[in-house]
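Have the viewer open as you read.

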Amino acid sequence: MQFARDIARALEGAGIAACVLGRERGGPGVRVATMHRMKGLEFRCVAVAGVNDGTVPMKSAVTPAEVDAQQHQQDTNSELSLLFVACTRAREALRVS
């Protein structure tokens, strides 16, 4: 969630209205959210920022393989599914960075 807040602050610093999606589903300007918050929503344009090895899959959400290999694979698949869901929220344009 901190990353979403940082992005919203950066947008606002550039003069672009932004709001972080939480319990409410919107506000004025660019809506910024975590991948978990994207479920069930749809937008004309979506930018998925910060996608790289180490953030997706999120290490804290994945059981280490040496602890439980099967659970590790399930956790990894679940995290990758979140990325897929976030990317499919875009109707017209998608950017992944």
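Predicted model: local features only at pLDDT ≥ 70, side-chain atom pairs only at ≥ 80, totals over all residues.

Arg-91 and Glu-42 join their side chains in a salt bridge, with N to O at 3.6 Å. This pair links distant parts of the chain: Arg-91 sits in strand E4 (residues 90-96), while Glu-42 is in the loop between strand E2 (30-32) and E3, 49 residues apart. Arg-91 is partly exposed at 49% relative accessibility, whereas Glu-42 has a relative accessible area of 52% and counts as exposed.

How many salt bridges does the structure hold? There are 3 salt bridges. Another one pairs Arg-44 with Glu-92, whose closest N and O atoms are 3.6 Å apart. Arg-44 belongs to strand E3 and Glu-92 to strand E4, so this bridge ties together parts 48 residues apart in sequence. Arg-44 is partly exposed, at 47% relative accessibility, and Glu-92 is exposed, at 59%.

Then there's the pair in helix H1. Asp-6 and Arg-9 meet through their side chains at 2.8 Å, N to O. They are 3 residues apart in H1 (residues 2-13), so about one helical turn separates them. Asp-6 comes out partly exposed at 35% relative accessibility, and Arg-9 is partly exposed too, at 48%. As a rule, side chains of opposite charge can pair when their charged atoms come close.

Here are the pairs side by side:

| Salt bridge | N to O distance |
|---|---|
| Asp-6 and Arg-9 | 2.8 Å |
| Arg-91 and Glu-42 | 3.6 Å |
| Arg-44 and Glu-92 | 3.6 Å |

Now for the greasy part. Which residues make up the largest nonpolar core? It has 12 residues in all: Leu-21, Met-35, Met-38, Leu-41, Phe-43, Val-46, Val-48, Val-56, Leu-82, Leu-83, Ala-86 and Cys-87. Strand E3 (43-48) and helix H2 (69-87) each supply at least two residues of this core, and H2 gives the most, with 4 residues. In soluble globular proteins, nonpolar side chains tend to be buried together.

How values were computed
Residues numbered from 1 in each chain as written. Heavy atoms only, no water. Core = buried A, V, L, I, M, F, W, Y, C linked by side-chain atoms within 4.5 Å. Buried < 20%, exposed > 50% of the residue type's maximum accessible area, 1.4 Å probe, protein only. Salt bridge = Lys/Arg side-chain N within 4 Å of Asp/Glu carboxyl O.
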